Amino acid sequence: MANNSYSGVKNSMVEANHDGEFGCTLKELRSLMELRGAEALGKIGDSYEDTQGLCSRLKTSPIDGLSGQPGDIEKRKTVFGENVIPPKKPKTFLQLVWEALQDVTLIILEVAAIVSLGLSFYRPPDAEREHCGRAAGGAEDENESEAGWIEGAAILLSVICVVLVTAFNDWSKEKQFRGLQNRIEQEQKFTVVRGGQVIQISVAEIVVGDIAQVKYGDLLPTDGVLIQGNDLKIDESSLTGESDLVKKTQQKDPMLLSGTHVMEGSGKMLVTAVGVNSQTGIIFTLLGTSEDDEEDEEEKKKEKEEKKKQRKTKAQDGAAMEMQPLNSDEGGDAEEKKKAGPPKKEKSVLQGKLTKLAVQIGKAGLVMSAITVIILVVLFVVDTFWIQNLPWVKDCTPIYIQFFVKFFIIGVTVLVVAVPEGLPLAVTISLAYSVKKMMKDNNLVRHLDACETMGNATAICSDKTGTLTMNRMTVVQAFIGEKHYKKLPEPENIPASILDILILGIAVNCAYTTKIMSPEKEGGLPRQVGNKTECALLGFSTDLKRDYQAIRNEIPEEKLHKVYTFNSVRKSMSTVLKMADGSYRMFSKGASEILLKKCYKIVIANGEAKVFRPRDRDDMVKKVIEPMASEGLRTICLAYRDFPVSEGEPDWDNENDILSGLTCLSVVGIEDPVRPEVPDAIKKCQRAGITVRMVTGDNINTARAIASKCGILLPGDDFICLDGKEFNRRIRNEKGEIEQERIDKIWPKLRVLARSSPTDKHTLVKGIIDSEVLEQRQVVAVTGDGTNDGPALKKADVGFAMGIAGTDVAKEASDIILTDDNFSSIVKAVMWGRNVYDSISKFLQFQLTVNVVAVIVAFTGACITQDSPLKAVQMLWVNLIMDTFASLALATEPPTEALLLRKPYGRNKPLISRTMMKNILGQGVFQLIIIFTLLFAGEKIFDIDSGRNTPLHAPPSEHYTIVFNTFVLMQLFNEINARKIHGERNVFEGIFNNLIFCSIVFGTFIIQIVIVQFGGKPFSCVALTIDQWLWCTFLGFGSLLWGQVISSIPTSRLKFLKSAGHGTQKDEIPDEELDELEDNEEIDHAERELRRGQILWFRGLNRIQTQIRVVNAFRSSISLYEGLEKPESRSSIHNFMTHPEFRIEDSEPHIPLIDDTDAEDDAPTKRNSASPRNATPTPPSPTTAVAPTITAPVSPSPNQNNNAVESSNHLLPEGPKSGTPSAPGSPLHSLETSL
């Protein structure tokens, strides 16, 4: 029949051939995909008769797919488009330069330099010269006074240098991110049928007309029409905001949309729209164009008004929200849920601490520089007009102004040196460097800060299958016909009647996407494709010398009457076949203890079924299942049931009746060997202070056996293993609500959680994170591969998804993807994370020493000698080496195994430990003594002219050159000291492993020689003799020797040392501020600091926020089909998201729990509470300051699926309250951004 209709359509196709090639146009297909449900079916029926007709119009076969010839594929790409959404253009180098120029301190410097330039050309008549006071006179020869313009020019030049270096850094960072993104995109593969072969191709290669296989856990890359499906359920919340799963069937609703997740079942779809023509692509192009529309402005204003109203009401529930107890998670009434917004996602630990520290240092620098300027001006005025008693002569005004400008420049340079704008740079460099290197260690980092959080991890909740074990399953024991075979039985020993049913059941009741392929290498193991447990069963049938493929060819997937696919609630899979005589036979397989409860007969040795009583079942559990499990085998029960013709067709939707009265065929034990490197990796974790817990869906005995093999459980420990039931019994009170205190009693000792549902995993992770039993808040990493692990992966501080076995949904929710699925890669991630933390600390130790010394020298020098000993240009050079170069040098130290020998730092550990404080102060004191000795006694020691108290345009002096040179060399040698922060003796250890460090130190030294010898007037330097150079180098080298002295002093003796750079604790924030913060997605520690001091204009913060923006942009995850760009991210300065992101978070699979019936009832009420704003996301104004983090928190309970009110929070991030947004490239805009 199919063939007739097929040829019939072919003939009609000739007349209807509008597109030259294909029987339907791009426009028709686009309009078809905009319909849903019955409408869509009607349209298909009217235009194409049925899906079969649509296939033939698109010249494809539903069974064999496209031919796969290059010409055909190319033609389809030209007619219907490619499956790529064009990325946003990267910022050009010039744009980055322009952004770097927006820096407020630099602007101040530029203005001052230009004023100083202009004034230097003014010459008062010589006669008047004397009246202008002592300081003005004294330019002996003409050429000297001509050279007054050099300083201004030199400052401008060094500003240009700083800008170029900054822009280059940003540019290379952006390039790295793009590279990483492309890498992630290339990894995304999808299964299609071409030329009758099932192959995997990269998502970008899919074309219209392809037949794609969709299965549980996929993220659909294109739009399509379902042509064959089993129990297919889709989560369309990313497009519609509806959290309930949508059932897809050919009869009712066959439309599949890109960007949606397959939550259950499997099927085949005909691809009808790709790239910009798919639903996701259409929304994306709309977003791309809407930015320029004027009408939006009005809407935005209205929205702001609404926001303000909301905010008032929100402030009142603020208190209610903080105090909400844990139990409201589990089905508290809908009202409460509406109020509780998403929990705040704090900034990563390190960023919080750094931002706070940088702000504090910046404030101190600001105060110092202001005082410096005031003192200089006062001294000058007092000296000139009071002591010398001069009148203010009109002709002298420019000269006085020149003095004031000079003082101002000195003040600004003090500020420039004081603000550690290298800090955020160091963080970004260090993270970007680690991410690049972690690729080699099989960690693909999707969110930059996950890397650093991993260093603080205190607990890892790991899956068993595939992570701790090899995920290569084989059947090693079987119980068939009342006989327990410890080794695989020979086919002759099994009665033929049993064997036939067994093999038939295995062949049809395993997903058809699962198969065993011939080995890649001669003599290798056969390749397992698809679900590994099913592969084991198919392998079992091959070992019994039977060919499952022959049966599959005979009964293709289309002929299966009904399929109940596996999900975490059923814990079983069943397939129904219609037999020749009209009766039905159902085959089931699943977890043995669950299926055996549903069996009432068992097949005995002669092939007949006998009654199977509960007593027999307990017997079987003791004698067969427990012994298998205690050897670490996973037990699977295979069963079947016949529905005779006489009973008529059963009601297939009544699952409980269908899945009962089974006849047990066999129980098999499947072995999954532990990965050889895992026990060692777990030992390392335990030594590093990280608790490893195993959370698995397997039987408790199996889990315990594997945990012992891995070393999670050691003989003689008093740790506990629980299964999901017992765990739930212990953590819930009489009303069935979860209580935090109850969880707190369990988790510190819990090591294995078996037979756990995804909800249990989520509850455990949440319980550990929210727990306050230990003084340190736990930082939890979780591994997961299934779709159902999504909630736990999101809730965890760091989520690891499996690169090979993981589903797309799990990868979406994760922070790091393990490309080799191996637990030992997690240990590498811990090492890199700790290394990032240490690199930052090293840099801080170096940076703060320089800051303290330079500021004090400039300040005291200015006050005593009325001129800073370090000139503006020299300060800028020092700033460049210590900020930019040092951050590169120290942030790229490779990690060592020693990092795994200490406990995690935890959230409250200060950035600057007391040991580091000792080093900073010790080195600071040493450097100040040397510098001041040189400054006030240098001319006597070296027997040269004094450089103090020189007039305005005096030539540079040897004296000050020596001071500058010594200062820089001390910094260089101290940079080597800074490589160790825990008080180690040997600072040279491993120095040659880091080429970047060596080349930067060496390069800086060479440039310093050039500056001093040939810098001349612009750098205020004079060439020094070899003798003087040796002395400078010797004094510089002194800081290495002094470092040894400092490390001999035990830190414990120095009681007065304080640590610095703590994170802000939630409880330190006053309530009023918490209310104001309610509206932001994050608690931004910098904003809090600023709110107190309202100091909004210095450089460090601007840079820091830029860097945070970088990290946020990166954190908001990278993947092509994630949906669409948050509109505000276009305007934020460094947003490296090529593929934008627009997704309603919290979308969790709606899993009806067995004991949880009320969940279904309140779904409709929830749906109605969805606010209409959900539907049309209007882009907020482009002024949005720091782009809010886009990874929003997971909604607290699985039954509260994507509470629609919350979703609207994520869709419409707050813009600042200003009325008119300035255009995103204007200087005004970036000023706003920096505020």
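View 1. Helices (H or I, at least four residues) and strands (E, at least two) are DSSP runs, numbered from the N terminus. The chain's average pLDDT is 75, and 75% of the residues score at least 70.

**View 2. Two stretches with pLDDT below 50.** Residues 289-346 fall below 50, yet the model gives this stretch 86 contacts (heavy atoms within 4.5 Å) beyond near neighbours in sequence. Residues 1117-1235 are also below 50, with 285 such contacts.

**View 3. Helix 35 meets helix 37.** Helix 35 (residues 958-977) packs against helix 37 (residues 1026-1048) at about 35°, with axes 8 Å apart. Axes here are lines fitted to C-alpha atoms over the stretch in contact, and angles run from 0 to 180 degrees between N-to-C directions. Residues that meet include Leu-969 and Phe-973 from helix 35, and Trp-1029 and Phe-1037 from helix 37.

**View 4. Two cysteines.** Cys-685 is buried, at 2% relative accessible area, and Cys-721 is buried too, at 15%. Buried means under 20% relative accessible area (1.4 Å probe, protein chains only). As for disulfides (cysteine sulfur pairs within 2.5 Å), the count is zero.

**Notes.** Residues are numbered from 1 along each chain as its sequence is written, and side-chain values use heavy atoms, leaving out hydrogens and water. In this predicted model, local features need pLDDT of at least 70 and side-chain atom pairs count only at pLDDT 80 or more, while totals for chains, interfaces and linings use all residues.

Technical notes: Buried < 20%, exposed > 50% of the residue type's maximum accessible area, 1.4 Å probe, protein only. pLDDT = per-residue confidence, 0-100.
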